[in-house]
Amino acid sequence: MKKLINKGFRRKARLLTLLFSVPCSLFSGMEFPLTAMRMYDIIKKKRDGGVLTDEEIKFFVEGYTNGRIPDYQAAALMMAIYFKGMNDHETSMLTKYMAESGDMVDLSSIPGIKVDKHSTGGVGDKTTLVIGPIVASCGVPVAKMSGRGLGHTGGTLDKLESIPNFKTSISTSDFLEIVKKVGLSVVGQTGNLAPADKKLYALRDVTATVDNISLIAASIMSKKIAAGSDAILLDVKTGSGAFMKTIDASIELARTMVAIGERVGRKTVALITDMDRPLGNAIGNSLEVIEAIDTLNGHGPSDFTEICLYLSANMLYLAQKGSIEECMKLAKDALESGHALAKFKEMVAAQGGDVSVIDNTNLFKKSPIVHEVTADQDGWITSMDTERCGIASAILGAGRENKDDVIDHSAGIVLKAKTGDSVSKGQVLAELHTSRSDAVRTAEGMLKQAITIGPNRPPVASLIHARVSIDSIEKY
Ligand code: URA
């Protein structure tokens, strides 16, 4: 009797399964289990301005990561999201499933509050090389997974690899050991960190769907959450060299990312910092490392030093080292005492790098060609198109157009004047460093187009525009 009931029940269950595998658009308005979901309906729902359910977002992220959902359907959904947007809950769920699509790094064996930092990318942005050592030398462990440069922006890994023998690809256990012993390690992302983002970012890059706040927020925060730190400082760049060209759009991106971080229990703060001019004077890999070493020695450019101290103070604040003012003092002391420089050397040695180049930066490989770009007129530099400066540096060999391009670590630009400086005709504006003689004229033309010289002194723009936390948005 019991067997008969079971048989009847199984037959009914088979029938139900069959029914539910029929395309669900035939049953609009009904709730279905995951097996009945179709990518077609998810795209259509978003195209028509609907709000996706958690299950639909999960279905998409899992299906796209494991290859069941093809690129053309994922691209259609990205475009629908681009035009119709996502609400905060949808964005959080997209982030969560993207973070969970691969390895979640476990940093719990490292004592203390671990603080990560992420920059949305810029030109001359070498802050990690200075901030990491400052923060670690104040006793806060920094376990940092960084990226490579693409397009006009540089990447920390490429910069570090200009130090002879420095290894950015090491095992997770060695990475954790170095953070425990030195307090700081900077490595490349493990192969399986947020693989959904890896696929989606490559797809967005070629389908004109990068610059959407929900998609950028989910992309960045999925990697940060998977990377395992307890607290996250976001450096959201704004201006001509950034993804976000206006302060309001940058604040909105920051607000979205802070909300996501806090929702998953990571203390998160964002600073909106200026990218309307390159940061510091050096653009290009070893040139930027040399500038970072100069800064750790106490004689870096003032704009770069100021931003590094402010970012460091906020990381120390997130690690509960005191008020922002107290943390600023800690950061300044770490720089002035030489402790931060010593910490940088320790990390370089632990990752196999040749520390002699830190003691004597003349030992870095030099470009065979150094060409001076001069001003065509007297006046004031009123603005700089930062993206064009980055492209000029890439043309000289410092960047990649495609991800497999090989970069020239010694190539790049050293700026001799920036926005707000007065210049006279014939004065050197920049040095171009390269081994490509055929690239010099093009890069020079690009850089000259990027620098506007006018008759009037421009107003001095602030380096830090705003600070966004879960409780407040402070504009400076
Ligand atoms: N950086 C990322 O990691 N993702 C984006 O979508 C944009 C910038």
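Predicted model: local features only at pLDDT ≥ 70, side-chain atom pairs only at ≥ 80, totals over all residues.
Residues are numbered from 1 along each chain as its sequence is written, and side-chain values use heavy atoms, with hydrogens and water left out.

Secondary-structure elements are DSSP runs numbered from the N terminus, with helices (H or I) of at least four residues and strands (E) of at least two. Two strands are taken as paired if DSSP finds at least two bridges between them. On this basis, five strands form an open sheet in the order S1-S4-S5-S13-S14, with mixed pairing. Its edges are strand S1 (115-119) and strand S14 (473-475), each of which pairs on one side only. From one strand to the next, the twist averages 15 degrees; axes are lines fitted to C-alpha atoms, for helices over the stretch in contact, and angles run from 0 to 180 degrees between N-to-C directions. Within this sheet, strand S5 (residues 267-274) runs antiparallel to strand S13 (residues 464-468), and four bridges join the two. Thr-273 has Ile-464 as its bridge partner in S13. Helix H11 (residues 247-263) lies across strand S4 (231-238), S5, S13 and S14, and runs at about 165 degrees to S5; contact here means heavy atoms within 4.5 Å.

A further open sheet has four strands in the order S6-S9-S11-S7, with antiparallel pairing. Strand S6 (282-283) and strand S7 (369-374) stand at the edges with a single partner strand each, so one side of each is left without a neighbour in the sheet. Strand S9 (residues 412-415) and strand S11 (residues 428-434) run antiparallel and are joined by four bridges, with Leu-415 standing opposite Ala-430 in S11. Helix H18 (residues 440-450) lies across S7, S9 and S11, at about 35 degrees to S7.

Strand S8 (residues 379-384) has antiparallel pairings with two strands, described in turn. Two bridges join S8 to strand S10 (residues 422-423), where Ser-422 is the bridge partner of Trp-380. Four bridges link S8 to strand S12 (residues 451-454), also in the antiparallel sense, and Ile-381 is there partnered by Ile-453.

Ligand oxygen atoms lie 2.9 Å from a side-chain N or O atom of Arg-204 and 2.5 Å from one of Lys-223. A ligand nitrogen atom is 2.6 Å from a side-chain N or O atom of Ser-219. Taken alone, the ligand exposes 230 Å², of which the protein buries 91%; accessible areas come from the Shrake-Rupley method with a 1.4 Å probe.

Notes: Polar contact = N/O pair within 3.5 Å; in protein donor to acceptor, adjacent residues only side chain to side chain.
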